[in-house]
Amino acid sequence: MASLKELSTREEIIAPGHRLCPGCGAAIVARMVTKAAKNPLVVACATGCLEVSTTIYPFTSWKSSFLHVAFENSAASLSGAEAAYRALKKKGKIKEDIRFIAFGGDGGTYDIGFQSLSGALERGHRMLIICYDNGAYMNTGIQRSSATPRGADTTTTPVGKVSTGKKEYPKDLTACVVAHNIPYVAQASPSHYADLMRKVEKALDVDGPSFINILSPCPLGWRCPGEDSIGMAKLAVETGFWQLYEVENGEYKMNYSPKERKPLREWLEKQGRFRHLFTPANEHILKELQEHVDMKWEKLLQKSCVNTENK
Amino acid sequence: MRVAMTGNEAVAYAMKQINPEVVAAYPITPQTGIMQKYAEYVANGQVDTEFLTMDSEHSAMSATIGASASGIRAMTATSSNGLAYMWEVVYIAASYRLPIVMPVVNRALSGPINIHCDHSDTMGCRDSGWIQLFSENTQEAYDNAIQALRIAEHPDVLLPAMITYDGFIISHALETLNTYEDDKVKKFIGSYNPKYPLINPDKPVTYGPLDFFDYYFEHKRQQAEGMINAKKVILEVGKAFEKEFGRSYGLFEEYRMADAELAIIVLGSTAGTAKVVVDMVREKGYKVGLIKIRSFRPFPEEELAEALKRIKVLAVMDRSLGFNGVGGPLFNDVRAALFGRNPDIKVVNYVYGLGGREITPNDIWNICNNIRDINLTGKIEKTVSYVGVRE
């Protein structure tokens, strides 16, 4: 990865003055991802917080070319642009080596954009698809998505007399993408910026599709202070809720494997969306959530070649 | 060159001559033949196109938008439910002022599911900001594909264009047509030089920003102007086409209208059958003429009213239903065009051919009888009739 000194000299692709919330994970993630790119970029973005807050006409925060078409189709739209680029290259009409990145939230990537994502991966376009996963439809006001953690209080899974929040565990999108047998897949977190940016560099160097699922804290939806965003992302990693790993040509590699994982409740108790779980009646849910994280961790260990010392 | 081709083959051949940089394909009956043929051209190295086989029509149109915004020519094609499925992005393509040309092979919309011809698919997006050119036969489908590109890319227009033709009747039937030499077509369509390509590292652009109450309206107003300008450009390109290839095209075609008192208005392949019937009833002394609309969007309101100024009774034939309790979409547009311009004309609507139901010369003969009776009695018994349906 480029040194901090070198990174500090690279042009910011996202200009300040955008309208994202203080502490928004998406803004930090987008900045880190674009900073890691050495080539000129064409960025596509699904409808969502990142898109609506960075391109309010007549302004744009994007110093690269930027394409937004709709909610579910950033991967498909960028497929067309990438194909056009190949055609222009073939005809000698463009000299620069351009890289293509599609951003989408979990709504635009796990749910409504899932087909578009799958199609683009299968066709093999050279593009990096970034999911900034904040665990709900935050832009429309915190509705549950298939990425929402079990137990979360959202506006479509509200906690009530007979409800303890979302009933289901999140879809494992990263595993779905791995099943496409593309060259590079990873999970990252903005709390581990060096790991995140190294992964972006790697992904952009791959001659084919690549995908990085990045945890993206949302102070509004998670109900935690904006200044704690990065701390929340870090805790998600340290508790094992969000695993940092990469899958290169099918080979799993864990990138963070602490001697002792912190208990999940340390992450949960800091977020208003899980507050209702901390009652005697819901103790069993906390227990089950912990067991689920443990099970996922074991499964990843089995798939990965890890340093035995850290096991 | 005089050749025999199906409608789909002829349109695929036009696409081969256009040789767009990107084509995004997704199959649907009866359009599939276009993309199969085009895939052969790709497989045999006869085109330079990046050929994308997509996961859906929605993705096909999305990729076409991304490609077109990048500053190159991009095409896709569809029918029926495929068009309905891509409707969201069809509207966005027009809003981004991308001159995409898309053949749409007309097929009835579900449900119930049906694969045969009617116009409900393109009527569903008649006001989506796309130019819509209808074709009577294979020759016109081929000619429209070539002209549509030049119309769409005209700087005064910059709107996408659908060229439509009837499923199976045109798409699958073998007809003879004249094709033109590649270099002549290439010269006619010229090169595409967009002002704001997405792919241009020296001058990055943002496509698709959030556009609120302070600017959205102005952008929509400009888009409306593009559609208004399209009328003039369709005529100019039609003239240029006639000069180069010898066949003349306008906003609509008038057939035996000079001395007509009664008239039929129709879209698509039915015009061919109707012309035969007009000749037959003319022999019986009925003064019937025919207008075949080519440019349904933009709709040639003033020109149509002028062409109909001597007509006493007009039959508007709709191959789709408007579920508005009033009548078909063509009927409503024609009546609106005549309002205040032709106060004495009587207009009736004949809905026909839904889901591929045959329309015969006899059916059209009955329509001629009906409008002659209305002219004689001065009475309209039914404003909207359904032709050949069991009621």
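Analyst: Helices (H or I, at least four residues) and strands (E, at least two) are DSSP runs, numbered from the N terminus. The model is predicted, with local features needing pLDDT of at least 70 and side-chain atom pairs pLDDT 80 or more, while totals for chains, interfaces and linings use all residues. Residues are numbered from 1 along each chain as written, chains are lettered from A and ligands numbered from 1 in written order, and side-chain values use heavy atoms, without hydrogens or water.

Over the whole structure, three cavities of 30 Å³ or more are found. A cavity is a set of points, on a 1 Å grid over the protein atoms alone, where a 1.4 Å probe fits but cannot get out; its lining residues have an atom within 4 Å of a point. The volume is the space filled by probe spheres set on the points, which are joined across faces, edges and corners.

The largest cavity holds about 80 Å³ of space. Its lining has 15 residues, and those nearest the centre are Ser74(A), Ala75(A), Gly108(A), Thr109(A) and Ile129(A). Two or more lining residues come from each of α4 (74-90), β3 (99-105), α5 (106-111), α6 (114-123) and β4 (128-133) of chain A. Of these, β3(A) gives the most, three residues. By class, the lining has seven nonpolar, seven polar and one charged residue. Here Ala, Val, Leu, Ile, Met, Phe, Trp, Tyr, Cys and Pro count as nonpolar, Asp, Glu, Lys and Arg as charged, and the others, Gly among them, as polar.

The second largest cavity has a volume of about 60 Å³. Residues of chain B line this cavity, including Ser68(B), Arg73(B), Met75(B), Pro99(B), Glu153(B) and Tyr192(B). Here the elements giving two or more residues are β4 (74-75) and α7 (138-153) of chain B. This lining divides into eight nonpolar, one polar and two charged residues.

Arg86(A) forms a salt bridge with Glu50(B), at 2.6 Å from N to O (a side-chain nitrogen of Lys or Arg within 4 Å of a carboxyl oxygen of Asp or Glu). The side of chain A that touches chain B takes two or more residues from each of α3 (49-54), β2 (65-67), α4 and α6 of chain A. The most, twelve residues, come from α4(A). That side has 21 nonpolar, 13 polar and eight charged residues.

Terms used. 1 Å grid on protein atoms, 1.4 Å probe; cavity = no way out; pocket = protein on both sides within 12 Å on 5 of 7 lines; lining within 4 Å.
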